[in-house]
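Here are some notes to read beside the coordinates. They are set out as numbered points, so that each can be checked on its own.

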Amino acid sequence: METYLYFAENLGANAAGDCAVYPASTFTGIDPVSDTTTRISFKALAGTAADDDILFTHVTGKFKEVCEALADALNDDSGELVVFADEDNAIYSKKLRDLGCIDSATELNITLG
């Protein structure tokens with residue numbers, strides 16, 4: 001059974017790019033953009049050559065912990081949708097919270113490829 005991850009910006013989740021659900025198998029990488037921002041990339045939902053990117057703003061210096069939380073989410077075998085980061089409803093994966101990655105400045109920016 002495929003694992004699916006849910007991401008939502010704080011925009012109401014009612015238009016393209018406000019939120020997205022990605023199969024774990026489409027994950028292409030994660031890299032630090034700055035000390036407080038990490039880029040998470042998936043194959044584009046639209047099938048374009050450019051990846052879909054999620055810029056995730058988090059607590060300073062927590063790149064490694066964000067990687068750990070994402071690995072945990074990608075390998076979830078519950079068979080349920082995994083909410084990694086839902087800014088609309090302030091719902092974040094338990095691992096992100098447990099590892100201290102979330103604060104009042106946490107936000108997402110989804111860019112479709």
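Predicted model: local features only at pLDDT ≥ 70, side-chain atom pairs only at ≥ 80, totals over all residues.

1. The core. The largest nonpolar core is made up of 23 residues. Those with the most contacts inside it are Leu5, Phe7, Ile40, Ile54, Phe56, Phe84 and Leu96. Two or more residues each are given to this core by strand 1 (4-8), strand 2 (19-23), strand 4 (37-42), strand 5 (52-57), helix 1 (63-74), strand 6 (82-86) and strand 8 (107-111). Helix 1 supplies the largest share, with five residues.

2. Phe7. This residue is among those with the most contacts inside the core. Leaving aside neighbours within four places in sequence, Phe7 is in contact with Cys19, Ala20, Tyr22, Ile40, Phe42, Ile54, Phe84, Ala85, Leu108 and Ile110. Phe7 also belongs to an aromatic cluster, together with Tyr22, Phe27, Phe42, Phe56 and Phe84.

3. Aromatic pairs. The count of aromatic pairs comes to six. One of them joins Tyr22 and Phe42, and this pair is stacked, at 4.4 Å centre to centre with 10 degrees between the planes. The pair links distant parts of the chain, as Tyr22 is in strand 2 and Phe42 in strand 4, 20 residues apart. Phe42 counts as buried because its relative accessibility is 0%.

4. Ala85. This residue lies in strand 6. Ala85 counts as buried because its relative accessibility is 0%. Which residues does Ala85 contact, leaving aside its neighbours within four places in sequence? They are Tyr6, Phe7, Ala8, Phe56, Ile91, Tyr92 and Leu108. Leu108 is 23 residues from Ala85 in sequence, and the two C-alpha atoms are 7.9 Å apart in space.

5. The structure holds three salt bridges. In one of them, Arg39 is joined to Asp31, with the closest N and O atoms 2.7 Å apart. Arg39 is partly exposed, at 29% relative accessibility. Asp31 is also partly exposed, with a relative accessible area of 24%. As background, side chains of opposite charge can pair when their charged atoms come close.

6. Glu68 and Lys95. The side chains of these two residues meet in a salt bridge, at 3.6 Å from N to O. The pair links distant parts of the chain: Glu68 is in helix 1 and Lys95 is in helix 2 (residues 94-98), 27 residues apart. Glu68 counts as partly exposed, with a relative accessibility of 35%. Lys95 counts as partly exposed too, at 26%.

7. Asp98 and Lys94. These residues form a salt bridge in which the closest N and O atoms are 2.6 Å apart. How far apart are Asp98 and Lys94 in helix 2? They are four residues apart, so about one helical turn separates them. Both Asp98 and Lys94 are exposed.

8. Thr28. This residue lies in strand 3 (residues 27-32). Thr28 is partly exposed, at 38% relative accessibility. Not counting residues up to four places away in sequence, Thr28 touches Ser41, Phe42, Lys43 and Asp51. Among these, Phe42 is the stacking partner of Tyr22. Thr28 and Asp53 are 25 residues apart in sequence, with 9.7 Å between their C-alpha atoms.

9. A nonpolar patch on the surface. Which residues form it? Tyr4, Val21 and Leu81 do, and together they have about 250 Å² of accessible area.

Notes. Residues numbered from 1 in each chain as written. Heavy atoms only, no water. Core = buried A, V, L, I, M, F, W, Y, C linked by side-chain atoms within 4.5 Å. Buried < 20%, exposed > 50% of the residue type's maximum accessible area, 1.4 Å probe, protein only. Contact = heavy atoms within 4.5 Å. Patch = residues over 30% accessible without salt bridge, like charges linked within 9 Å, V, L, I, M, F, W, Y side chains within 5 Å. Areas by Shrake-Rupley, 256 points an atom, 1.4 Å probe, with all protein chains shown as cover. Salt bridge = Lys/Arg side-chain N within 4 Å of Asp/Glu carboxyl O. Phe/Tyr/Trp six-rings, centres within 6.5 Å; stacked < 30°, edge-to-face > 60°.
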